[in-house]
Amino acid sequence: MKTGRKIGYAVGDIGISISYFTVGFFFLYYLTDIVGMDPYLAGLAFFVGKLWDGVNDPLMGILCDRTRSRFGRKRVFVLFGAVPFALSFILLWMIPSGAAAWAQFILAVLAMTLYATAYTVVVVPYMALVPVLTEDYDERTQITGLRASLSTFGTILGGSAALLLSSFADELAGLRIITILFGVLSLGCLLVAARSVRGLEQESPSSSVRMDYTWIRYLEILKDRNVLVLMTVKVLGAVATGSLSAALPYFAEHVLGDPGKGTYGLAIYVAVSAVAIPVWNRLSRIFDKRRLLLAGNGLTAVVLLWMGFFLRSDMAGEFYVGCVFLGLAMSSFLLIPYSLVPDLVEVYESRTGLRHESVFFGLWITVHQLGISISGLLLGLALGAFGYDGSAAVQSPETLRAVRIGFGILPGLFFLVTAVVLQGYGISREVYQQARLSLAAGKKSSP
């Protein structure tokens, strides 16, 4: 696969990341502070949309595996789903601020559900393209690395919505201009990706086999202890990262006193975590991954708890230093759990004779979206319980306490619990190597 095509495919992740992180960092804040929704209703709307996102991911995986098209089994969804994806993202930010509360809630739920559907239609096939674009192990790694590198631009852009918004006198009009530009950029990136992979999809020998993935199959797999532990780690971690992301705009504005500080802190965090991932990767070859994640998540929890309890508006420097340590520590969580899923697939196959990559990864995405949906609901409930008023320039001490809990204290505690739960994961390096030997012996003995 030519380098230009690899880069073109990876450009698609910029568009995906822009929309994903704009919604994750800013949508709840937009509903409460710009549209004027009650925090309870805003959190519930976010919960419904993300919950549907989790439900439809495995369904899309099944549809994608069964599709036959002259445009490519997976590429066809990226190509023709790009426009609905961009339009649904723009529609999220068109909820009228002067409408009745019940109308705002219904529109928010409908917009989130539509966006979640369009997001899944594009993103699941896009991510699933890598194995069918090339069979070369190292080339797959290179393509994934390019995607991860380019997605950082989308992450920073998505997190910059609050900073960009400060340059407009009319917040709602400014936000709509920004998100329309983001939507058009996302559309362009996805079309570049679709064009770059034209004609490259390779049919595998098993591509004509009808997939039989059902919800019963998912429930059966969860009976395995290692599967249950790893999926619990994923959902708890998603609650932590989701709460941290959604609470950042509130924390930057009401605790630090400047929305722009949140964007700068995010940029520092993203840059540092990207640099630190290769370090954690090297360490994982020497030390047990479970112990590494315990150390990384422990440091993450300490930093977040310190930020949540002690930061004030005159401590911008300390906040940025905290973002450096957060990037160093949280990069372990961005790497290690993801690296455990392929190991789990092969150990499970060696024990049961069943290989279910699509089921495992579909379940992985499902529980992630479930955790994100729970985080939005919890933050909305906490803000509502402590009397948060999006129209107020100054919040009460009780409300600021809820913001601190959502940004630092709740995620910190969840990261600690996540690392402790992972200690019950039974697949060590030795267990994995034994599974590989068993699978190799089975292949040799088969006719």
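Leaving aside its neighbours within four places in sequence, which residues is Trp93 in contact with?

1. Trp93 and its surroundings. Trp93 is in contact with Thr22, Val23, Phe26, Phe27, Tyr30, Leu175, Arg176 and Thr179, when neighbours within four places in sequence are left aside. Contact here means heavy atoms within 4.5 Å.

2. Basis of the note. This is a predicted model, in which local features need pLDDT of at least 70 and side-chain atom pairs count only at pLDDT 80 or more, while totals for chains, interfaces and linings use all residues. Residues are numbered from 1 along each chain as its sequence is written, and side-chain values use heavy atoms, with hydrogens and water left out.

3. Overall make-up. The protein chain has 16 helices and zero strands. Helices (H or I, at least four residues) and strands (E, at least two) are DSSP runs, numbered from the N terminus. Of the 447 residues, 53% count as buried. Buried means under 20% relative accessible area, exposed over 50%, and partly exposed in between, with a 1.4 Å probe and protein chains only. Among contacts between residues at least 6 apart in sequence, 84% join residues at least 24 apart.

4. Nonpolar cores. A nonpolar core is a set of buried Ala, Val, Leu, Ile, Met, Phe, Trp, Tyr and Cys residues joined through side-chain atoms within 4.5 Å. The largest one has 112 residues, and those with the most contacts inside it are Val23, Phe26, Phe27, Tyr30, Leu31, Leu92 and Trp93. Helix H1 (residues 3–35) supplies the largest share of this core, 17 residues. A second, separate core has five residues, including Met60, Cys64, Phe77 and Val124.

5. Packing of H3 and H8. Two packed helices are described by the angle between their axes and the distance between the axes. Helix H3 (residues 75–91) and helix H8 (residues 171–196) pack at about 180 degrees, with axes 9 Å apart. Axes are lines fitted to C-alpha atoms, for helices over the stretch in contact, and angles run from 0 to 180 degrees between N-to-C directions. H3 and H8 are therefore roughly antiparallel to each other, a label for angles over 145 degrees. Among the residues making the contact are Val78, Phe85 and Phe89 of H3 and Ile180, Phe182 and Leu187 of H8. By class, this contact has 14 nonpolar, three polar and two charged residues. Ala, Val, Leu, Ile, Met, Phe, Trp, Tyr, Cys and Pro count as nonpolar, Asp, Glu, Lys and Arg as charged, and the others, Gly among them, as polar.

6. Two tyrosines of H1. Tyr20 is in helix H1 and counts as buried because its relative accessibility is 16%. The C-alpha atoms of Tyr20 and Ala116 are separated by 9.9 Å, although the two are 96 residues apart along the chain. Tyr29 is also placed in H1, and with a relative accessible area of 6% it is buried. From C-alpha to C-alpha, Tyr29 and Ala246 are 7.4 Å apart in space and 217 residues apart in sequence.

7. Thr418. This residue is in helix H15 (residues 397–422). Thr418 is buried, at 0% relative accessible area. Not counting residues up to four places away in sequence, Thr418 touches Val233, Leu236, Gly237, Asn297 and Phe333.

8. Cysteines. The count of disulfides comes to zero, a disulfide being a pair of cysteine sulfur atoms within 2.5 Å. Cys189 counts as buried at 7% relative accessibility, and Cys323 is buried at 5% relative accessible area.

How values were computed. Parallel < 35°, antiparallel > 145°, perpendicular 65-115°, else oblique.
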